[in-house]
Structures are given as C-alpha cells and as structure tokens.
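Hi,

Here is the structure I promised to pass on to you. Have a look at it first, and then read my notes below.

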Amino acid sequence: MTTRVLFVGGLGRSGTTLIERVLGELPGVCALGEIVHLWQRDLRDDERCGCGERFSGCDFWQRVGKAAFGGWHRVDVHRILALRDLVERTRHIPRLAGPKRQALDFTALVTEYADYYARIYAAAAETAGASVVIDSSKHSALAHCLRWSDSVDLRVLHVVRDARGVAYSWTKTVARPETDGADEMTRYAPTRSALLWNAHNAAFGLLRRRGVAVRRVRYEEFLARPRSSVQRIAAFMGLDPSVMDLGFVEDESVELSRGHSAAGNPMRFTVGRIELRRDDAWRRQLPPRQRALVGAVCAPLLRAYGYPLSSTAEIVGAHR
C-alpha cells in the first residue's frame, strides 16, 4: 500500500511554507512541514510544533510516532542522520537520478533512508484521516531519495520565485520562534543564494525527466491568482477541486487554521487571515550591482521559468 505524498520543493525563501499552509486547509490533506528537519530539531532538540507545543507534548506527533515506529523512543536518530549524510546530498543527485539497480550497498542505504519517511507519511495519513500528506522539506536530494521508495506515491510541486527576490530574502535576519529566540535562520550572500537557486531548481527538472510527476508553480503567480492556483494543484494531487469548499481562499487573502508543521519558516505559527501580497522590496533594497550579478548567474533558468531579465519589468501572468 502506498501513501500519496505531495513534496513541496524549491530553494528556501521561495514561498513554500505559505503554499504548504494554504494547501493544508484542503479537505483530506495533512500538511506536515519540513520532515527533513524532524529528526534533529524535533526528536533531538524537542523544538515547537506548528501548534505551539513542544514536539514531545504534541498529541498529533506522539500518535504518529506510535503508529510509525511503536513510539519515537524506538527511532535511532543518529542512524538516520548518518544515512542522510551518506545519501541525501546534492552531490549524490546524479547517482540518485540514475537507475535504481545500482550497487547493493548504495541501494540498501537509500531505501532504508526513504523508508523512515514513508513510515511517517503513512502514519500521519492514518492519524489525520487524510488521503494526501504534504512534506515541504524542499530539498531536491530528498525528493530524489523518495523516488526509490515503493511505499510513496510521489508527486512534486516545484515552487520557484524570482532569484533576485530569493537572494534579497536570504540576506534578512529572521528569528526562529520555535527556539524561543535562541537561534536565527541561516543567511546567505546573494552570490551564494544564486548558485543554490540554480542547483536546486535544475535538480527538480532532472526529477521530471526520471518519470516523477512534477508540477511547477511560480510563487508570484500563486499570489496573483490564489484560488485558481489551489484548484490546479488540488487536481495535481489527485483531488476533485469542483467539490471542495474554497471559502478560505480570497483574491487577496487566505484564512489559516492551526496546524502541526514539524519544522519550517516562522510563518507556520501564524493563524487567521493572511494577506497575499507580492514582496518586491528586492527591487529597491537589493543593491543594483547584486541584482545584476544574481540576474546574470541565474539568467538561463529565469528565462526558462518566464521571468524577465530586467529587474524593472513585470512578470507575465503575475500582476496584482
């Protein structure tokens, strides 16, 4: 038996958390946050779930752990993190994207690693009574690992955002509420984020060529047309949008309820009405030289995704 999983992928700061939260409001859908970080941030460090409780105090996640493993205490976190270091790395994507019939030792490591995720997905779907679970881990290498699991019906939502907007966002200082103010999110220089933007997005294109169902959505377009975007993605997940109540999605806002994201952007704690507006501060705040540099480094994919190379031009189909 397989579990239908929508893997939300892309480089961080591309709007993946918001999109996951919105899709998590659909009936029959359970949004889990970034499961790739569950082992370290939740099991080891006991950080806060999206519901506000510590992971160890969240009833939902405790039920998931019992259903998946007989209890979280039976999970060897060190083993999983070691497996992650061995197989879930960007440098391994060419091998992960190859035929599944490879050296027995590598195949065994990848399938073991993917099985931990598959067990969580199945347990979460059972616990929530959901037909689809969402993992917004973003990491392209993890998506390639999940391709190896026979227990996962994998569908990938590839979220892209203008590389210059992503680069500017990575320069911001953002606190991590789940650590009660003790830590901040990682920051990258524009050049570094531009290289990562290229690498991660190209990897999702490779996944499509390996037969995985991949649908790309531009973050700017999602903000401009949220309802139609949700309907298209729901259909991609195998759901029937014509029978869904989408009253929580309006032209310029969405209504979000409390969820159980294991990890992710701080907005996973936000509940209530959220305004949907494009953040184009990068056009004014990112220095012209850095804007030009990021645009040059990312030009081929920017063009392929329909973004104008001029930072003063508007994106076709993303007006608000």
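How many of the residues of helix α8 (residues 163–170) are buried? Eight of the eight are, so α8 is largely enclosed by the rest of the structure. "Buried" means under 20% relative accessible area, while exposed is over 50% and partly exposed lies in between, using a 1.4 Å probe and protein chains only. Helices here are DSSP runs of H or I with at least four residues, strands are E runs of at least two, and both are numbered from the N terminus.

Before going on, a word on where this comes from: it is a predicted model, where local features need pLDDT of at least 70 and side-chain atom pairs count only at pLDDT 80 or more, while totals for chains, interfaces and linings use all residues. Residues are numbered from 1 along each chain as its sequence is written, and side-chain values use heavy atoms, with hydrogens and water left out.

Back to α8. Its buried residues are A163, R164, G165, V166, A167, Y168, S169 and W170. The cover over them includes α9, α12 (282–285), α13 and α14 (299–304).

Now take α8 together with α9. Their axes come within 9 Å and cross at roughly 130 degrees. (Axes are lines fitted to C-alpha atoms, for helices over the stretch in contact, and angles run from 0 to 180 degrees between N-to-C directions.) The two helices are therefore oblique to each other; angles under 35 degrees count as roughly parallel, over 145 as roughly antiparallel, 65 to 115 as roughly perpendicular, and the rest as oblique. On the α8 side, A163, V166, A167 and W170 make the contact, and on the α9 side it is P190, S193 and W197. Contact means heavy atoms within 4.5 Å. Sorted by class, that contact has six nonpolar residues, one polar and no charged. For the classes, Ala, Val, Leu, Ile, Met, Phe, Trp, Tyr, Cys and Pro count as nonpolar, Asp, Glu, Lys and Arg as charged, and the others, Gly among them, as polar.

Helix α9 (residues 190–209) also meets helix α13 (residues 288–297): their axes come within 9 Å and cross at roughly 20 degrees. That makes α9 and α13 roughly parallel to each other. P190, T191, A194, L195 and N198 of α9 touch Q290, L293, V294 and V297 of α13. In this contact there are six nonpolar residues, three polar and no charged.

L146 sits in helix α7 (residues 140–146) and is buried, at 0% relative accessible area. Leaving out neighbours within four places in sequence, L146 is in contact with F7, A114, Y117, Y121, V152 and L154. The other is E34, in the loop between β2 (29–31) and α2 (38–44). E34 is buried too, at 5%. Not counting residues up to four places away in sequence, E34 touches T17, D135, S136, S137, K138, A263, G264 and N265.

Cheers
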